[in-house]
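Subject: Handing over the two-chain model

Hello,

Here is the structure I promised to pass on. Please open it first, then read my notes below.

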Amino acid sequence: MDFGLTPDQLEIRELAMKFARNEMMPKAQEFDEKASMPLDILKKAWELGLVNTCIPTEYGGNGFTAIDSMIITESLAYGCMGMNTAIMANDLALLPIVIGGSDEQKKQFLTPFTESYKIAAFCLTEPANGSDAAGIKTTIKEDGDDVVINGNKMWISNAGYADLFVLYGTSDASLKHKGITCVVIEKGTPGIEVGKKEDKMGHRCSDTRAVTFNNVRVPKKNVLGGMNQGWKIAMKTLDHSRPMVASSAVGGAQCAFDHAVKYAKERVQFNVPISQHQAIQFMIADMAMKIEASRLLVHKAAWLLDNGMPNTQLASYSKAFAADSCMQIATDAVQIYGGYGYSKEYPVEKIMRDAKLIQLYEGTSQIQRLVIAKEIFSRS
Amino acid sequence: MNIFVCVKQVPDTETKIVPTGDGTFIETASIKWIMNPYCEFAVEQALLVQAANAGSTVTVVRVGSSKDTEALRTAMAMGADDAFLVEAGDNLDSYMIAKALKGAIEKSGKTPDLILTGKQAIDDDCLQVPQILATMLNLPSVSVVVGYEGSATDITVKREVEGGALEVYGVKLPALIACNKGINTPRYASLPGIMKAKKKPLTTLALADVGVSDADKRVKYSGFTLPPEKPAGKKFDATDAAKMGAVVKEVVGLLRTEAKVL
């Protein structure tokens, strides 16, 4: 049993936190306000090796463990949850290739991401299918040596800049999850129509759009793991990506917490700093406990993954608990700031808007609870 | 070129400093150490000079505790080739540090063409080691340098002086150059760089190996205390128009006699 980070991990965190503080935090508000992708910052993060943490060394990656990638994600989300979404969305899209791709597919699709900064988009959600992912309607039909894709995808992160789309569709909707197929589509393939940028509450700098696929034709060799094998890939992807999203919640929560602690020591009411009032102390104590518990859940979910053990239940624990905690912590940080916290002049207002999304994407907090309950009852 | 960089490890700027019980130093056990920011400029400058002069090597040298080798690891992760650590306490005086650095440079077996340092360390702010070291090595030195250009033999450096004016020096190498903020923008140590740094040679030496002993001590630290807390400000009530004149007079008087700013 060891709760400590390794010397390597401490150095990784050091760099990621330095980057978050020096490069992301000073620009977070500006990019939130103008709602545009901070491409220069993202590219700089890539140059330092902070992007695409899931790519194995054989294909040019840095060979990070799952825990390493959690540490990086937490640190980057500390800097800005929105920018981190743009970074994390790459991993989310590349993970299905790491998990379900053949050696040839990995060389073809992953290695270019290690040679220059490229952007990937994960396309699962549809206008009418979010939580009910197995009910997606986008079709992937075999046609000779190709597959043909038709359908609409919604809330696609990085869509406007994507060099690569990793899309889930169905070969036969009546088969539900048994008909799901995962396919890689390169930018410029005829028939891809990227919609207008969504005007969101938070994560405003991350580029979110609808994408329509009209008779998009790609060679069959772009299908990951074979026809109708997509669901298994999707589930394994979630085992890795959910703790990652949870770790971004920990980063956002830690940032809100640090701001709140600092402010509570400076703000004087009734002739004493408000940190001396129990009402504030109780909030701060609750925040600290939730952050620590969230982080431990994330690290355990990642540790199980690194050790080849089933982690679906822990992944959902971490995702639901960290996301709900982050929302509560960000809300309480605004509460501690009082009226100032509600103003865009202070940083906690943005964190509160950003926090909400973590409860929604990558499986809502409610879906996580369904997963957890299903795991419990299926084994009792 | 044989380029040497002397780096110091200092407490993170956010560290809460606590003197030891006997007041002879500060508590170091819980300090988070970072590379002195001025030394980062020196490392970056060394790497820039190396890039401009093919076949050059960058060697980093540090004197201090071996518990945490943050500064040397960071320098190698940024791109330096090898490192020498002279193991010692964190409370040596400037003369001992300079002598140990000189000894380590000599132990490396390479004759320096250029030595780069920070202009000062942000912890004790002594501003002495670069000059003492240059004197010991009989090298010319320029400090507070904000501009550097030139070849492997002749360089032109700009030095910041009072009032923001610049002095320009032409210097023949070998020389020691102490860097100030503005000379460059230090690069980050990338993650692949961090991984590579682990395989780079780090030689550890004892003070005795570099010919330094207690007899070299010039300064004895005896009293570390925190600065006195800032006293609360004074408030003057000048809302009553009739008394305004008197209040202004009192404030001016106090600014003169107490605050001594007039």
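A word on terms first: two residues are in contact when heavy atoms of theirs lie within 4.5 Å. Bear in mind, too, that this is a predicted model.

**Two helices in chain A**

H9(A) covers residues 312–337, and H10(A) covers residues 348–358. Their axes come within 9 Å. They cross at roughly 160°. Angles over 145 degrees count as roughly antiparallel, so H9(A) is roughly antiparallel to H10(A). The crossing is left-handed.

Which residues meet there? From H9(A), the list includes A:Lys319, A:Ala323, A:Cys326, A:Met327 and A:Tyr337. From H10(A), it includes A:Val348, A:Ile351, A:Met352, A:Ala355 and A:Ile358.

**The sheet in chain B**

Now turn to chain B. Nine of its strands form an open sheet with mixed pairing. The order is E9-E8-E7-E10-E6-E1-E4-E5-E11. E9 and E11 of chain B stand at the edges. Each has a single partner strand, so one side of each has no neighbour in the sheet. From one strand to the next, the twist averages 35°.

Two helices go with this sheet. Helix H2 of chain B, residues 70–78, lies across E4, E5 and E11 of that chain. H2(B) runs at about 170° to E4(B). Helix H3 of chain B, residues 94–107, packs on the sheet as well. H3(B) touches E1, E4, E5, E6 and E11 of chain B. The direction of H3(B) makes about 140° with that of E4(B).

**Two hairpins at one end of the strand order**

Start with E7(B), residues 141–150, and E8(B), residues 154–160. They pair in the antiparallel sense over five bridges. They form a hairpin with three residues between them. B:Val145 has B:Arg159 of E8(B) as its bridge partner.

E8(B) also pairs with E9(B), residues 166–172. That pairing is antiparallel too, over seven bridges. B:Arg159 has a bridge partner in E9(B), namely B:Glu167. B:Ile155 is bridged to B:Val171 of E9(B). This hairpin has five residues between its strands. In it, B:Gly163 takes a positive phi near 80°.

**The cores**

How many residues does the largest nonpolar core have? It has 68. Among those with the most contacts inside it are A:Phe19 and A:Leu50, along with B:Val7, B:Val60 and B:Tyr148. A second, separate core has 44 residues. It includes A:Met70, A:Ile280, A:Ile284 and A:Ile329.

B:Val60 is worth a click. Setting aside residues up to four places away in sequence, its contacts include B:Val5, B:Val7, B:Leu72, B:Met76 and B:Phe84.

**Backbone details**

- B:Leu173 and B:Pro174 are joined by a cis peptide bond, with omega about 5°. B:Pro174 lies in the loop between E9 and E10 of chain B.
- A:His203 is not a glycine, yet has a positive phi of about 45°. It lies in the loop between E6 and E7 of chain A.
- B:Asn138 is not a glycine either, and its phi is positive at about 55°. Its place is the loop between H4 and E7 of chain B.

Are these last two residues buried or exposed? The cut-offs are under 20% relative accessible area for buried and over 50% for exposed. A:His203 has 1% relative accessibility, so it counts as buried. B:Asn138 has 70%, so it counts as exposed.

**One more residue in chain A**

Last, look at A:Leu224. It lies in strand E8 of chain A, residues 223–224. Leaving aside neighbours within four places in sequence, A:Leu224 is in contact with residues including A:Pro96, A:Ile97, A:Gln105, A:Cys182, A:Val184 and A:Ile233. A:Thr6 is 218 residues from A:Leu224 along the chain. Their C-alpha atoms are separated by 35 Å.

Best wishes

Key
Residues numbered from 1 in each chain as written. Chains lettered and ligands numbered in written order. Predicted model: local features only at pLDDT ≥ 70, side-chain atom pairs only at ≥ 80, totals over all residues. Heavy atoms only, no water. Core = buried A, V, L, I, M, F, W, Y, C linked by side-chain atoms within 4.5 Å. Buried < 20%, exposed > 50% of the residue type's maximum accessible area, 1.4 Å probe, protein only. Pairing = 2+ DSSP bridges. Helix = DSSP H or I, 4+ residues; strand = E, 2+ residues; numbered from the N terminus. Axes fitted to C-alpha atoms, helices over the stretch in contact; angles between N-to-C directions. Parallel < 35°, antiparallel > 145°, perpendicular 65-115°, else oblique. Left-handed = near helix turned anticlockwise from the far one by under 90°.
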